Amino acid sequence: ATVYLKDYQPPAWQIEAVELEFDLDPQATRVRSRLQFRRAPETGPDTPLHLDGEALELLGIALDGEPLTADRYRLDEAGLEVRGLPETGVLEIETRINPSANTELSGLYTSSGNFCTQCEAEGFRRITFYPDRPDVMARFTTTLRADKVATPVLLSNGNPIASGELEDGRHYVTWQDPFPKPCYLFALVAGDLGWIRDRFVTRSGREVDLYIYVQKHNLDKCDHAMASLKHAMRWDEEVYGREYDLDRYMIVAVDDFNMGAMENKGLNVFNSRYVLARPDTATDADYQNIESVIGHEYFHNWSGNRVTCRDWFQLSLKEGFTVFRDQEFSSDMNSRGVQRIGDVNILRTHQFREDAGPMAHPVKPDHYVAIDNFYTVTVYNKGAEVVRMLHTLLGTEGFRRGCDLYFERHDGQAVTTDDFVNAMEAATGVSLQQFRRWYDQAGTPELELERHYDPQARTCALTLRQHCPPTPGQSDKQPFHIPVAMGLCDREGRALPLRLYGEAAAGGESRVLELCREEETFVFQDIPAEPVPVLLRGFSAPVKLALDYTDAELALLSAHERDPFCRWEAGQTLARRLLLTHPPQALDADTARPLIEAARRTLADTALDPALRALALTLPAEGYLAEFVDPIEPEQLHTARQALRLTLSRALRPDLEACYEQLTETGAYSPDAASAGRRRLRNLCLSYLIACEDDSAYQLALRQYEQAGNMTDSLAALQALVNSDCPQREAVLEDFYSRWQQDTLVVDKWLSLQATADRADTLERVQALTGHPAFSLTNPNKVYALLRAFAQGNPVGFHQASGAGYRFIGEQIRTLDGRNPQVASRLAAAFTDWRRYNPTRQAGMRTELEKMRDAGGVSRDLYEIAARSLGDD
Ligand code: ARG
Ligand code: ZN
């Protein structure tokens, strides 16, 4: 059944307080709940109370102490309906659930023998009968009882208020969360866990105890997460004026988790890959991701928990905003330019693709079948871009005033994206009427620039035109309000002062043009010679921009532009043009000369941040190139990219070797941005060098593999070898596994390397690995590491002409759907773009989608992805 935003109704009943009691047992956990309910003032007296419930065994139900007779309630698949209730009262409900049989990992489940929960979006209904919607907010008190030896640690939201011993070797702890919250923020964790502890003093002097709980063998991998947490707490105070509000903040790492992490009030539950790090087991990217996800979940305490969502259509209210916050946090902790380029890359390779396909939906979707399908790059990353545009339009101070007002107005409430924009308007006086379309219209706007220089008048006229292609259900779009940060430079790359027609004086060398109509012309004055316009500095809007730059202009910008994003983008455009306009065999040193020379300068430019140099030297990803061709021919894109890589490698060999040697470091590992940047550039050099496929390059990689003092260098060497014809490649892979088979997160890396290997037999290898003891279909990380890495990270393998890749992944998805629909439907994303391929591939992909859609007992999640992709929606 489809849920529509237009059908939203406020809750008829509120729950003011909940008392929960859990008698924890892996197979039969008893849950008693006491719900203090109150009828909403607008609600008629005969209105029944609806409680959601799924996969629950109802053991008893009573009203104000009296058992309810069967005629007072009705039980069906969706839940419980109770009739004839007084205006207020207490409903007591007892249910039984089986955590160890919960393979969906939604609700209460077990992971490595410990109990944990995941309630967002609709998992609480799998724990007990309850109005499972975010606009019902209650105070929770939770008592956990369990065996003292098997389950010494008992955690829930808030503060512990009582604990003690029970008979039969059991014990209990009672937790109280003083903040009313929706049930999706409820959490409990129980088990035999170790912890590290630290302390943070907020700027108003509140002492907060910080805990990270992990399986005991991981206790030596928690320090980076703890440091990241303290940085995040300080940053939110400094940048947003937001303080933490409870006496303790707890983070728990679990190995079995569908998503990244969850911001449950005071008790975050994390996928262990976003907590655990040690130099020899985690890469620089892992360290970065941990800092960012720890920050993300912490920032949710305000943007999500203190102010939450009215309904799930508003998901981006908390996710878009919080992603923006975590991106800015990472920028401040590391390198802003590198962070921005990385974020833009994710947006353009994944979100633009989503926006152009059958799953396209607005940042605020207007209908869904399974809400878990809408935890998307559009809601998260495009949502963050929308908040970023607000920041650009209002300025740092205006934006901050808007945020302050938003938190002040709505603290303790469940609100909408409109409330957020209203606060921004009210705090700044800026009209955002048209800007709101970013929330409602799907699709990526396309921007076109026409430039005209008039030497007599010394004016430069820039005409910007916008257009947004149709998306499912939205054939006509209204123009967007688009901030275009820009500048003009002369033919030496020097910035020119900007004075728009009608302005008395120049207003700096960078400014934000606001494009609101379909077409607008901006005329700049006092321009001595034809300038080079630089548009979308910092990628100021999530749009596609078509520019008619000459190669010489691109070369100029890639050498001189001061904005790291635009500078990088100019080089990428140059490379993309080469890749898309020449057949692979023509991508020789002559054709690639300008790119080779630019790369040579970049390699030698020791004044430039090594991470930015690495980004400049990385060729556009195949997934990004695919946006520019129709149909997508995966092996063609791959062959072209490999050919250009080889050409660069041959032409730049001495430069690459010199750069590699120069960046060789000894000494203790540090994950800081500067060190990570040097490793990134050095490992990029290695990957170019090995493209030549000769023994000296192999020896270099083998030596690095053997001598590496950290996982970043060791994995980079292994990856280079695995994608080469080096005779020792199998031996090194085996060595890596035997060294790390006890460490499940490192084994994930080993699986991914093989799934993305550039080899003819990768599919057979992946198929064989599904039977390897290292793999398990019940652990989401393993599925992502092997199957998703193959389906989405190995286009050549997945899209092989025989269709064998499709059949294999399709079959895995159908098997998985019976156990864990959320993971199955995420894997199915590999098929949604089927219309972008040639007819043979289309047929192969469509067949799999039809099998998914038509399978008996298909989950709502998978059904929705398959049906939407096929266009039945
Ligand atoms: N709110 C979590 C976050 O920080 C994501 C949890 C989503 N879980 C799910 N099953 N849909 O982004
Ligand atoms: Zn989030």
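Predicted model: local features only at pLDDT ≥ 70, side-chain atom pairs only at ≥ 80, totals over all residues.

Reader: How many residues surround ligand 1, and which are the closest?

Author: A residue is near a molecule if its C-beta atom, placed from the backbone, lies within 6 Å of it. Here 13 residues surround ligand 1, and the closest are E120, M259, M262, D372 and Y375.

Reader: What classes make up the shell around ligand 1?

Author: Ala, Val, Leu, Ile, Met, Phe, Trp, Tyr, Cys and Pro count as nonpolar, Asp, Glu, Lys and Arg as charged, and the others, Gly among them, as polar. That gives five nonpolar, three polar and five charged residues around ligand 1.

Reader: And what should I look for in the backbone?

Author: Most residues other than glycine have a negative phi, and most peptide bonds are trans. In this model, though, a cis peptide bond joins E120 and A121, with omega at about -5 degrees. Another cis bond links D630 and P631, also with omega of about -5 degrees.

Reader: Where does P631 lie?

Author: Helices (H or I, at least four residues) and strands (E, at least two) are DSSP runs, numbered from the N terminus. P631 sits in the loop between α12 (622–625) and α13 (634–651), and A121 in the loop between β11 (114–118) and β12 (138–147).

Reader: Is D168 buried or exposed?

Author: Buried means 20 or more other C-beta atoms within 10 Å of a residue's own, exposed means 12 or fewer, and partly exposed is in between, with C-beta atoms placed from the backbone. D168 counts as exposed because it has 6 C-beta neighbours inside 10 Å. D168 also has a positive phi of about 60 degrees, although it is not a glycine.

Reader: How many residues of α19 are buried?

Author: Of its 12 residues, 10 are buried, so α19 is mostly covered. Among the buried ones are L745, W750 and L751. What covers them includes α17 (711–722), α18 (729–740), α20 (762–769) and α21 (780–793), where contact means C-beta atoms, placed from the backbone, within 7 Å.

Methods: Residues numbered from 1 in each chain as written. Chains lettered and ligands numbered in written order. Contact = placed C-beta atoms within 7 Å.
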